Amino acid sequence: GGQDAASDDGDPRTLRIAHNSNAAALPVQVAMAEGIFDKHDLKVEFTKVENIGTLPGTLGRSFDIALSVPTTVISAAQQGIPVTQVSGATLDVEDNPTGFVIGSKTSGVTDIKQLAGKTLGVLTETGTTHVATKAWLKQEGVDPASVNIVQVDGPAQADQLAAGRIDAVETVMPFATSVLADDNAVNLGDPYLKLAPELSAILWISRQDWASSNAEVIADFQAALDEAAEFIAGNDDKARQVLKEYTGLPDPAIKAAVLPTYTTEVRPQDMEIWLDAMREADGFDGDVDLNALVASQG
Amino acid sequence: MNRPVARRINVLGAAVFVLALGLWELLVRTSILDFAYLPPPTVVAQGLGELVSSGELGEALGHTLFAALSGWALAALAGVAAGSVLGLVRPVWMYSMASLEALRALPIVAFVPVAVLLFGFSVQTEIMVAFYAALWPILLNTISGMRTEPRMLESGAVLRLSRAAVLWKIRLPGATAMIVVGLRLGLSVSLVLTLVAEMVGNPAGLGFLLVEKGQALQPGQMFAAVFVIGVTGIILNALVMGAARLAFRGQMASSGEVSS
Amino acid sequence: MKAKKERGGTPIRGLLPLVALLVIWELVGDPASPYFPPPSTWIDGIQPLIDADKLLPAIGQTSLTFVLGLAIATALGAIVGTLVGASRSVDRALSPSLEFLRALPAASLVPVAALVLGYTTQMKLVVVVLPATWPILLTCRTARRTLSPVLLDTPRTLGLSTWHRTTKILTPALTPAVLLGVRVAAPLALIITLLVEIVTRVNGLGAALGAAQAGFLSAQVYGLLTIAGILGFAVNWIVTRAETSVSRRMRGTV
Amino acid sequence: MTPTISCTDLEVTLPGASGAVNILAGVNLSVAKAEFVSILGTSGSGKTTLLRVLGGLLPATGGEVRCDGTPIQGPPDGVVTVFQDYAHSLLPWRTVRRNVALGIEARLGRAERDERVDEALTMVGLLERADEYPWRLSGGMQQRVQIARALATRPRVLLMDEPFGALDAMTKASLQDQLQQVQSLTETTIVFVTHDVEEAVYLSDRLVVLNGSPADIGLTLDIPLPRPRHQISTKERADYLELRHRVYEALGHTVGEPARG
Amino acid sequence: MTPTISCTDLEVTLPGASGAVNILAGVNLSVAKAEFVSILGTSGSGKTTLLRVLGGLLPATGGEVRCDGTPIQGPPDGVVTVFQDYAHSLLPWRTVRRNVALGIEARLGRAERDERVDEALTMVGLLERADEYPWRLSGGMQQRVQIARALATRPRVLLMDEPFGALDAMTKASLQDQLQQVQSLTETTIVFVTHDVEEAVYLSDRLVVLNGSPADIGLTLDIPLPRPRHQISTKERADYLELRHRVYEALGHTVGEPARG
Ligand SMILES: Nc1ncnc2c1ncn2[C@@H]1O[C@H](COP(=O)(O)OP(=O)(O)OP(=O)(O)O)[C@@H](O)[C@H]1O
Ligand SMILES: Nc1ncnc2c1ncn2[C@@H]1O[C@H](COP(=O)(O)OP(=O)(O)OP(=O)(O)O)[C@@H](O)[C@H]1O
Ligand SMILES: [Mg+2]
Ligand SMILES: [Mg+2]
């Protein structure tokens, strides 16, 4: 559209950023709220988009930087959409997991191996969590094809599991909290961590051409996020207030939320792990230039 | 003066509606329905209060109405015009109807991402979708309404009405009842698909509010948005019918849409 | 005035403009475009699904929901539409609730329907039937209202039973309207079927479409859309044909 | 004896452009079994409305309508109305034969049904057009199809609204005589709306004139002409001419009576 | 002088249940300016069909139809048909007034239009029902609205298909006389289909009878009764009675002629 082209020619230090209600985006919001971006001479126009799967195609037109996940980045790149990672967002580590597979005593799924023949509710069938879960199932000797998959929106997951419409569910924060609130729910583990002991499952992307011509801006963006992450670590209350504002979550959920581990590190090794997982678990057979996906690193 | 206004208010319909809400509340209160995702009407009412006081509702509703009504109005113009041509000019019908039927069969929802690519995250995307969705019922009903009673057409011919006058005075008025049905159907599909476009495409309006509140684990507010959508449907329809009764008195009376 | 010789349904030559459009697309399209791949690439796009034996079952599942949903909606719309058209008080009692229901977005009904029915074809049907009923109901209602009072008095004075009045007078007299309603409802039913499948990934073409979209496989997306379009077109075509032949039998004209 | 069909203090109000309009008021009429009663009246006086009420097709706003002594709620069994608006009362998707069969096909076997349909169509002179669709027939033919449909049901009571209005004099005369014959054989009770004074006098046992607004019965006239009646001899009788004269007078007709000598 | 409307060797074939049916064959008729010609014939003989051809509504299968000497293609200017099927020919969404205005509203200013409409409605006695919808009127009233609509256009040629068929004797007589008066004032050419022999004789300059299958003109009869005619005095004339008698005879009527003494 015409109005997008106009913004393209605009000030390169004005960033059009899109992300969803994910806690992974908290540093961006804190940086906006606390004037950290201003300090780095960046202006930010923020749009909330819940379905981040469509964002790669809109980069360069509607947005400059968007939140995304490795599987989306890899698929998009393979189909010729020139995306690249500009910054890390969070890192899954052993003592702070963000992915969950949750079974239930009533459905009899208390171990990942028992999923064969059962119905698993997933957030998105092609998303990172599910790719990781499939890889995990394979590791455990379960054929992923034997698991019946249905897509269940996060907010409805707790009810569907409790009502026995699904036997297990694969989820992320904050939905995991309400799913686990049921007495019968059993946490089976973090599928991300089955791929590697430390792994990035969510990150910031832009178009490759934009990234290569705005390396300085990207460095400032990362610096701002790092500063915001520090601020979050030191100002829990303020940070949670910001979280509440942009997610709209109710107070109990905000209080109970476990904030993820933030990073701006671009980790080529993680992208490789994800590509392998997709090849192995999903039958992905595309040819992807991993270097291009992280080329902006510098 | 007061009586007709009072009679316009559909007490019976409102009673049935309230009764259904009461039943829902009762089912939740008695724990026959017990789901966090599906709150009882009282909680929804509370959510509605929150949405109204935060100002989110007004803005979202305004956005959605603007998109849906713009698309619908464009579709009404295009649908009635194209429908008249297709209904009257046989060769045009012959050489294009099948294409229209094929286009019409395309699932518009799947094109929302494409529309987002073409028009970006903008209200134009929504208007396009609303237009596309509303066009078909209006078009088909217009074409079908153009099958006028032959004796009336002969009356027009005998009284030497021009082609334009036959269209304007006999065909279109004769098709009005059908066209109004098309407009009503078009209005509801344009609303529904504007919402879909907001849910999967442009993050704005009631559709996005719905998704956002769902993701924010606020089922009360989410269903308040759903409720507002439903009530909007009722009101829009009542407005269209009211306008039709005013503008097309005779047609509405002869098709039984005006009592006494 | 002149008798029009038409074998019924929509003439296939009406597809010419569409074919022309596709040809232009093919000629000017860039085969490597990630957004708008030309038609020739679409077949390659869906080849993996054919190889994996996934395409036919998906078509089957979508057709089942679509056709069954449309059939139920037709029955429901015709019956309720006739009742509502016949009685002003039934109309007034039901209209607001029906208006309310039909405006609800299908996607937000899915979780509710799934809570009651699970992630099953029945659940898909419920979500599809709700909006698809409306066009049939409304068209049928108006047609019922505009029936000549004398036509309605005829079976009464001849002492026909309610059943015969329904089968011999109302059904034939309202069939054209019902079919028109079905024509409007058919694409809607298909859209909602796909939407439910995209949202839940339970099965069918919608599930494949959702996956293809998430994987940015645009050629596959267009391929699947074409298949869905053909499905919708086929149903449209059958209904249109039926409508034309019924109208001709009713009045001897098209 | 209880009358076959009767109304007392009948009042009918219908919606009009400027509020409800009182069409009939204080109409009292009772028709005995096998009686032939004609209703006359100016155009728009309320004849069709009255017939619709007697046939149970339109509820009365006030007063009582009875059939065989029981109040009417909807069309009673065996009471068949022949509509003035014949074009709308035939089913366009059925052939003439199947239109005529409409009222009997549910209760009669195939053979008997066919026989009755053929008989009725012969009576109205349309047997050879049996397989035609009604919209391919002339106005008078359509009117006759409707009459055949009513006769095929062998009704106890026939309510006929200008049934011969679109027929030429010859066809009309033939149908008048057929109707007389049917009535004398089956003792059908007939209420007959017509504009043709001669027809009314020729066919009826009694004749009523509707007038006024709201309308009520202005004149009731017994027609004690002997039966069977004949198109020539009856119409030559002095009492026939006298009765005809009185009706014309009652209708306010200063002229209509064709010259008598 | 060229006839205002004429047909030569007219042939009309219409589709029927078992193939095409020849309805009219070899019909020759020419009507001069300001002439009043009536068409009679049994029900289904083809009167409506003939009128539709003359009015340019139905193309002839064979032969020629001319209006003022030029072959007809569609309804010619100033030639207005009044349909037998009045119920279908009025626009249900227009009030009576606006139905009557239909043919003139495009060419006349508001004032003149209103005047003409009122005049036409007064003529047919429906002025006080002007704001009613036609479906709230009785059959005879609807028929009169259609007549008013035709008269309001001040046609050169009026083709009327049983226009008074649903009217009572008094209303009919009044309209007959209005029609005569209009004709004598405006020199309208009128072709008039009717079943009423007295009406035909009373109104016409010439009268034709359609018969046979396919139909052609069996009898042509000039009616040289002096004008203006009067409902009483004209109908008392010996030549009127004689003419009437001849028509009845031509129609094969052995009985219809009401007794003459
Ligand atoms: N459906 C209707 N709604 C409102 N008014 C009506 C309706 N039908 C008839 N009327 C009015 O009722 C009155 C009597 O009409 P009705 O049809 O009974 O007359 P009628 O005696 O049969 O006349 P005609 O000889 O012309 O058929 C008329 O003034 C007419 O306008
Ligand atoms: N639309 C049509 N299609 C086919 N045949 C028709 C059509 N209209 C009339 N006919 C046939 O043409 C013949 C003449 O019909 P027409 O209507 O001209 O008769 P009519 O003399 O006007 O009779 P009536 O006095 O009963 O009105 C009839 O046999 C009729 O069945
Ligand atoms: Mg009447
Ligand atoms: Mg005729």
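**A chat about the predicted model**

Me: Which residue stands opposite A18(A)?
Reply: In this predicted model, A18(A) stands opposite A66(A), a residue of β3(A). Strands are DSSP runs of E with at least two residues, helices runs of H or I with at least four, both numbered from the N terminus.

Me: What packs on the sheet there?
Reply: Helix α4 (residues 70–78) of chain A does, touching β3, β4 (83–93) and β10 (198–207) of chain A. Its direction makes about 45 degrees with that of β10(A). Axes are lines fitted to C-alpha atoms, for helices over the stretch in contact, and angles run from 0 to 180 degrees between N-to-C directions. Contact means heavy atoms within 4.5 Å.

Me: How do β1 and β3 of chain A run, parallel or antiparallel?
Reply: Strand β1 (residues 14–19) of chain A and strand β3 (residues 65–68) of chain A run parallel, joined by two bridges. Two strands pair if DSSP finds at least two bridges between them.

Me: What is the strand order in the sheet?
Reply: The open sheet of chain A has six strands in the order β2-β1-β3-β10-β4-β11, with mixed pairing. At its edges stand β2 (43–48) and β11 (261–262) of chain A; each has a single partner strand, so one side of each is left without a neighbour in the sheet.

Me: New topic: which protein donors does the magnesium ion have?
Reply: For the magnesium ion (ligand 4) they are T48(E), through OG1, and Q84(E), through OE1, lying 1.9 to 2.2 Å from it. Donors are N, O and S atoms within 2.8 Å of the metal (3.2 Å for Na, K and Ca); water is not among the atoms, so sites may look incomplete.

Me: Where in chain E are they, and is each buried or exposed?
Reply: T48(E) is in helix α1 (residues 47–54) of chain E, and Q84(E) is in the loop between β6 (79–82) and α2 (86–89) of chain E, 36 residues apart. T48(E) counts as partly exposed at 25% relative accessibility, whereas Q84(E) is buried at 13%. Buried means under 20% relative accessible area, exposed over 50%, and partly exposed in between (1.4 Å probe, protein chains only).

Me: What is chain C made of?
Reply: Chain C has 10 helices and zero strands. Of its 254 residues, 60% count as buried.

Me: Which chains have the most contacts?
Reply: Among the eight pairs of chains that touch, chains B and C have the most contacts. Chain A and chain D do not touch, and their nearest C-alpha atoms are 50 Å apart.

Me: Which conventions apply?
Reply: Residues are numbered from 1 along each chain as its sequence is written, while chains are lettered from A and ligands numbered from 1 in the order in which they are written. Local features need pLDDT of at least 70, side-chain atom pairs count only at pLDDT 80 or more, and totals for chains, interfaces and linings use all residues, while side-chain values use heavy atoms, with hydrogens and water left out.
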